[in-house]
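Biologist: I would like to learn how to read some side-chain features in a structure. Could we take them one at a time?

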Amino acid sequence: MQKNLFNTPYFSDWPKIDSQIKQDPTVEQAIIKILKQMTLQEKIGQMVQPNLRGVTPEQAKQYKLGSILNGGGSWPNENKYASAQEWADKADEFWFAVKVAFADRPFDIPFMWATDAVHGHNNVYGATVFPHNIGLGCARDADLIQRIGEITAIEVAATGLDWTFAPTVATPRDLRWGRVYEGYSEDPSITYLYAAKMVKGLQGDSEALQGDTKVISNVKHWVGDGGTLQGVDRGINDYSEALLRNIHAMGYFSGLTAGAQVVMSSFNSWKSPLNYDHTPMVGGEYNHKIHGSHYLLTDVLKKKMGFDGIIVTDWHGHAEVSKCSDTNASYAVNAGNDILMVPESEHWMDLYQQTVADVEAGIIDMSRIDDAVTRILRVKMRAGLWHKGQPSKRSLAGKEGLLGAEAHRDVAREAVRKSLVLLKNKNQLLPLYREQKILLTGSAADDLNKQSGGWNLTWQGDENKLSDFPGATTLRMALESELGAEQVDFDLALQNDLTQYDVAVVAFGEDPYAEMMGDIKEWQSLEFSSLKRKYRADCERIATLHKAGVKVISIFFSGRPLYVNREISLSDAFVAAFLPGSEGVGITDLLLRNAKGEINYDFQGKLSYSWPNKKRSARVNCLPSHIENYQVPANEQDPRGEHKPLFEFGYGLTYQDNKQPMLDLDNIELDELSSGENGAANNLEIYGVRSIIGDYQLKASPSIFTEGELISRNNPMQFKYLATRPYNYLQQQDAVELSFKGQGGCVYIEASDGVAEQMGDYFEQGYLSFELKVSQLPTEPLLVSIKGCDKNMQHALFGNVDISRELNICDEFIRLNIPAKKFTARGLEQVDKLFCLQVSGQFTAVIANVKWCI
C-alpha cells in the first residue's frame, strides 16, 4: 500500500462539518422575518428550478421562481455565440421579472442563475477551457486548483451568473463509467485535497462571497456516483457505509469544510439496509435512489454532518425515485431535497402545483418546506444577492475581455503542462529538436472536440467546430506556431513519402462524451480500437508508421486510461493527455526543446488512475493509503494480482528520471479475450439509448437520393421540409421529434465512416426495430426504407415498407418490428442507409431506439 502522502484522515463516522462560512445571527433573523411573511406558493417557487429552455421571464414572474439553470448546450436566445453582455442581459430579464413579482410584497427575494462551469466556464463561447479534473489530478498541484477556481469564478461573473455546479468530487472506481474524467482521481486522498481548494477558488471566504467576483460553489454528486456496478451511470453502488464514507464521500468533507454552499443529489442508488424507505405506506417499493434517501440526505448530511446549505436535485433526478413521477417530487422533498431541478416546461409547472397540493393535504409537512426555504434564503444572503443588484450592472458583468483572457489562458497552459503524463520515451526521443521536420497525423491533431472532451458549449461536447473556440490552439496549431508551417507536414491519410521523416506525431483518442452516453457498453471491453469503428483508423496509422521505420510519438487524448498495449508497443514515445482543453500550446511546451536545444519544460504529471494491462481490468484501483488493512471489495479488482496495472497509480516519467517499468514496453504482451468474453451484441444498435454515439449518424434530406445534413441531438433545427427538436425519452437527448411539413423529405441513418454494412445475417432471419410516439398521423404513405447495393458495389438497390396504416396517435411509444425479408431487393447485400423514414405529406412523431435484430 502506498504511503499516506497527503495526511488524509480516516473517518470512523460521518464527521461534523466545521464550515469556514458560519451562521450569522443577523442573517438568521432576517430569514425568519421573510419566511413568516411568505405564502406557500412563494415558498414552492423558491424550490423549483427550470432550465433556460424550459422557462420564460414572464413565467419566472408568475411563479416567483427562485432560480434557473442553463443545461449544457443551452444559451441565451438559442445563440451559441452569445457574448458576455448577452448572457448578463438575459440574466437581467429574469432578475427584473422576479423583482417585479415581489414589488407589492413587504419583502424581496432575488433570483439566481446556475451553470455547469466544470472545467472553466465551458458552456460559454470564448471562455478559457481548462483540463478536465482527471488531468488536474495528474498535476498534483493544489495551488493550481485554487487559481483555476478563481479564474472560473471571474469568467462566470463576467456573464452575470451566480452559481456553478462545481466541483465534481466523485471518486471513480470503474473505468467504464462515462464520467471518469470528471473525478480528480481514483484515490480519495487527491479528491480530499483538491475539493477544498476548488471551493476556495470559486467562493473565497464569507466576505469574498458577498462580493460580485465570486460565485456559489456546489459539490456533487452526493454520494457514490463513481462506485456503481459495471460503471453504469445512475447505477447501483453497493459499497459498505465505511467505504462509501472513506472512498466516495471524502471530497464532501473537505469541500464543505471550505464553505461549499450547495450539495447536489446523485442519480445512483445505494443498496444498503441503512438506506430505508422513509414512507413505506406510500406507493410501491423504494428503489434506493439517493434522490429519495432520507438517511443520506437528512440523517447524515443535514443532521449528523450539520450541513446548513442547499441540497439541489440533479437534472430531473426526482423522477428516478420509484415513489415519484415527472410531476410529483413529494417523496424526494420529504427525503431532504431543497431545490428541485425540473428542466422542462411540460413538467415543472405541474410539479409546482402538485407540491402545493401535497403540502395542503399534509403529505409534505410545512416544517420541511420551511427548512428548504430557510436554506435557500441563507445561501442567497451569504452570496450577497440582495446588494449585488441587477446582473449586468455588477463590476465584471459584460466584460468580454475576461472570457479567455490572456492571463487566464496562461494558467490553463500551465495546467496542460502539469497534467500530461509521459508513459514511454524510448532512447530519450523526447523532447524534440526544433530543426527536425515533423509528420503530424491522427484524428485528434487538429480537433478541439477531442482535445477538450465533454461539457464544452454542448452537453456532450460534440457538434462543435474549430471556429467555435476562438483563441484556442489545437496541437497542429501549436506545432505550426512554434516551428513554422514548413516544418510540420499534416498528413491525415499518410499519402506522403514516409521515408523522408525521422519522426511522426500521432494525436488520437476518444470522441467527446458526457454522462450516460460516455459509458462503455456492457458488451465492450476497455480496448480503445474496438470502442468505435472509426477508432481503428488511428491505430492503423501508428502501425503503418512503425512498419515504415518512422519513430512514432503518440499523444493519446482520453477521458480515462484505456487498453492500448499494441499502440504503446509500436510507439517510441507515448503521452497520456487527459482532455487538456483549449491550450494546445501547453503540449508543445513539453514536446519541444527551446531555441538553445535545451529542455524547455519537463513532465511532472503522475497518473491519477491506474492504467489497465488487460481489456477487462476496468475496476483495478490503488489501495487507499488512509484506510488501514484495506480489503479489496468484491466489486473491485486487486492491483496485486492478475489485474496488476500496466502502469500503476502515480506512474509518470520525466526527462530527468527516465526509469521505465520492469516490462519491455516495445513488446507488451497483448491480452486476448476468450470467445465467451468478447461480448458482441447480436443487435446492431444504430440510434438511441443503446447505440454507440458517433458510430452512426441521423441525417435529414429532401430525398433519399441526396446527401443529408446531420440532425442535432442538442438543438432544435429548421429545414424547409422538416423541423426537429431533441427529446428526452429513456435518457436525456436520446430521441428526436420530427415534424414533416408536407413538402416531402426524409431522415436516414448511416455509418459515420461511410462504410456500408454487410447485412446478410440480418436479411436471413432478422428484422428492423424502432419506436415511435405519434402526435400527427401521416397524410400520405409513410415509407420505411433501406438503401444499399449488390456485393460488387455496382447497382443501387432499395427496399420500402409503408407503415402508415399501423400508426395511431398515442401518448406512449409503440415499437414496430419489420421483418428484413420485406425489404430485400434481389441482390441487396451491403447497406449504407440502414434506416430511412420518407413521407411526402405532413407527419409528426418522436423516433427512438432504432436497431437491427436477429
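Modeller: Start with a charge over a ring. This is a predicted model, and in it R245 lies over the face of W14, at 5.4 Å from the ring centre.

Biologist: Which residue has its charged end over the ring of W75?

Modeller: That is R53, whose charged end is 5.9 Å from the centre of the W75 ring.

Biologist: Next, pairs of rings. How many aromatic pairs does a search of the whole structure find?

Modeller: The search gives 36 aromatic pairs. To read one, take the distance between ring centres and the angle between planes; planes over 60 degrees apart count as edge-to-face. For Y63 and W348 the centres are 4.9 Å apart and the planes stand at 75 degrees, so this pair is edge-to-face.

Biologist: Where do Y63 and W348 lie?

Modeller: Y63 belongs to helix α3 (residues 57–63) and W348 to helix α13 (residues 345–360), so their pairing ties together parts 285 residues apart in sequence. Both Y63 and W348 are buried.

Biologist: How are the rings of F763 and W852 arranged?

Modeller: Their centres are 6.2 Å apart and their planes meet at 80 degrees, so F763 and W852 also form an edge-to-face pair. F763 is in helix α23 (residues 760–765) and W852 in strand β30 (residues 842–853), so the pair ties together parts that are 89 residues apart in sequence. F763 and W852 are each buried.

Biologist: Which rings are linked into a cluster?

Modeller: Ring pairs join F508, F528, Y535, F556, F574, F578 and W611 in a cluster.

Biologist: Now a helix. Which residues of α18 are buried?

Modeller: In helix α18 (residues 475–483), they are L475, A478, L479 and L483. Viewed down the helix axis, these buried residues fall within an arc of 105 degrees, so they line one face of α18.

Biologist: What covers the buried residues of α18?

Modeller: The cover includes strands β12 (438–441), β13 (488–490), β14 (503–509) and β15 (551–557), along with helices α17 (448–452) and α22 (585–591). Just after α18, G484 has a positive phi of about 95 degrees.

Biologist: Last, a single charged residue. Is D174 buried or exposed?

Modeller: Buried means under 20% relative accessible area. D174 has 3% relative accessibility, so D174 counts as buried. D174 sits in the loop between β4 (163–164) and α7 (188–203).

Biologist: What does D174 touch?

Modeller: Leaving out residues up to four places away in sequence, D174 touches V180, G226, T228, Q230, G231, A618 and R619. The side chains of D174 and R176 are joined by a polar contact of 2.8 Å.

Notes: Residues are numbered from 1 along each chain as its sequence is written. This is a predicted model: local features need pLDDT of at least 70, side-chain atom pairs count only at pLDDT 80 or more; totals for chains, interfaces and linings use all residues. Side-chain values use heavy atoms; hydrogens and water are left out. Buried means under 20% relative accessible area, exposed over 50%, partly exposed in between (1.4 Å probe, protein chains only). Helices (H or I, at least four residues) and strands (E, at least two) are DSSP runs, numbered from the N terminus. The arc is that of the directions from the helix axis to the C-beta atoms. Contact means heavy atoms within 4.5 Å. Rings of Phe, Tyr and Trp (its six-membered ring) pair if their centres lie within 6.5 Å; planes under 30 degrees apart count as stacked, over 60 as edge-to-face and the rest as tilted. A charge sits over a ring if NZ of Lys or CZ of Arg is within 6 Å of the ring centre and within 35 degrees of the ring normal. A polar contact is a pair of N or O atoms within 3.5 Å; within protein, one must be able to donate a hydrogen and the other to accept it, and residues adjacent in sequence count only if both atoms are side-chain atoms.
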